[in-house]
Amino acid sequence: MAERVRVREVDDDEGRRLLRILRRGTGAVVTWRRAQTVLLSAQGMPVAKIAEVSFTSADRVRDVIHNFNADGFDSLYPRYEGGRPKTFTLPERREIKKIAESTPAEHGLPFSTWSLAKLADSLQTPALPHTCPRRNSRVISRLSLDRRPSRRHDLAVRPRRLQPARRRLMSYLC
């Protein structure tokens, strides 16, 4: 049988800090519940009883205790990372613009025109580390770039065909 999960030895200062978190009326409920779990475990209550008292699962209680043993009080505070995705900074926008205006051959790629997927994949560079291909595709599709391959091989005509797409790109990025 596995050894029972117990919180590490809690000294007097840490015990007072846990009590202060529990007695304080403000703050995140998540922090309060985690502190309650740790304090009950420090007082010798078994995991099943803590789960029953705090109306949660025994697995969740074990996770909180393991996290507290590993990280201390930092594990009590929630770290939310949801919300709106990061926006591109001005240097990142300039880099996207530079790549979108160039041809794939200039980047050593074996195709002649950009598609949304190819352009999004090529934006995964060290200059743009936090971008994801799916988000890049959304941004580029909002720009409504002309993605059709050119049937003309006349290089003098091609820049005029791409000019409206470049203007839309510049108005979005700048």
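**Figure 1. Helix α5 in the predicted model.** Helix α5 covers residues 90-101, twelve residues in total. From its first C-alpha to its last it reaches 16 Å. That is close to the 16 Å expected at 1.5 Å a residue. The buried residues shown in α5 are Glu92, Glu95, Ile96, Lys97, Ile99 and Ala100.

Figure 2. Ile99 lies in helix α5. Its relative accessible area is 4%, so Ile99 counts as buried. Ser122 is 23 residues away from Ile99 in sequence. In space, the C-alpha atoms of Ile99 and Ser122 are 8.1 Å apart.

**Figure 3. The largest nonpolar core, and a separate one.** The largest nonpolar core has 19 residues. Within this core, Leu18, Val38, Phe68 and Leu76 touch the most other members. A second core is separate and holds seven residues. Phe88, Ile99, Trp114 and Leu119 are among them.

**Figure 4. Contacts of Leu18.** Which residues does Leu18 touch, not counting those up to four places away in sequence? They are Val10, Ala35, Val38, Leu39, Phe73 and Leu76. Val38 and Leu76 also stand with Leu18 among the residues of the largest nonpolar core that touch the most other members. Leu18 is one of the buried residues of α1.

Figure 5. Helix α1 has twelve residues, which should span 16 Å at 1.5 Å a residue. Its end C-alpha atoms are 16 Å apart, so the two values agree. The buried residues of α1 are Glu14, Gly15, Leu18, Ile21 and Leu22. They cover an arc of only 120° around the axis, and therefore sit on the same side of α1. This buried set packs against α2. The face turned away from the buried side carries exposed residues: Asp12, Asp13, Arg20 and Arg23.

**Figure 6. Salt bridge between Arg8 and Glu14.** The side chains of Arg8 and Glu14 meet in a salt bridge, at 3.0 Å from N to O. Are the two partners buried or exposed? Arg8 has 28% relative accessibility, so Arg8 counts as partly exposed. Glu14 has 18%, so Glu14 counts as buried. The cut-off for buried is under 20%. Glu14 also belongs to the buried residues of α1.

**Figure 7. Salt bridge between Arg16 and Asp13.** Arg16 forms a salt bridge with Asp13. The closest N and O atoms of the pair are 2.5 Å apart. Arg16 and Asp13 are three residues apart in helix α1, so about one helical turn separates them. Asp13 has a relative accessible area of 54%, so Asp13 counts as exposed. Asp13 lies on the face of α1 turned away from its buried side.

**Figure 8. Salt bridge between Lys49 and Glu52.** In helix α3, Lys49 and Glu52 are three residues apart, so about one helical turn separates them. Their side chains meet in a salt bridge, at 3.8 Å from N to O. Lys49 is partly exposed, with a relative accessible area of 38%. Glu52 is exposed, with a relative accessible area of 54%. A search of the whole structure finds five salt bridges.

**Figure 9. Phe55 in the loop between α3 and α4.** Phe55 has a phi near 55°. This is a positive value in a residue other than glycine. With a relative accessible area of 76%, Phe55 is exposed.

**Figure 10. The whole chain, for context.** The chain has eight helices and zero strands. From the N terminus on, the order of elements is α-α-α-α-α-α-α-α. Of the 174 residues, 34% count as buried. The chain exposes about 11,900 Å², and carbon and sulfur atoms supply 52% of this area. Take the contacts between residues at least 6 apart in sequence: 56% join residues at least 24 apart.

Methods:
Residues are numbered from 1 along each chain as its sequence is written. This is a predicted model: local features need pLDDT of at least 70, side-chain atom pairs count only at pLDDT 80 or more; totals for chains, interfaces and linings use all residues. Side-chain values use heavy atoms; hydrogens and water are left out. A nonpolar core is a set of buried Ala, Val, Leu, Ile, Met, Phe, Trp, Tyr and Cys residues joined through side-chain atoms within 4.5 Å. Buried means under 20% relative accessible area, exposed over 50%, partly exposed in between (1.4 Å probe, protein chains only). Contact means heavy atoms within 4.5 Å. Helices (H or I, at least four residues) and strands (E, at least two) are DSSP runs, numbered from the N terminus. The expected span of a helix is 1.5 Å times one less than its number of residues. The arc is that of the directions from the helix axis to the C-beta atoms. A salt bridge is a side-chain nitrogen of Lys or Arg within 4 Å of a carboxyl oxygen of Asp or Glu. Accessible areas come from the Shrake-Rupley method with a 1.4 Å probe; for residues, only the protein chains shown count as cover.
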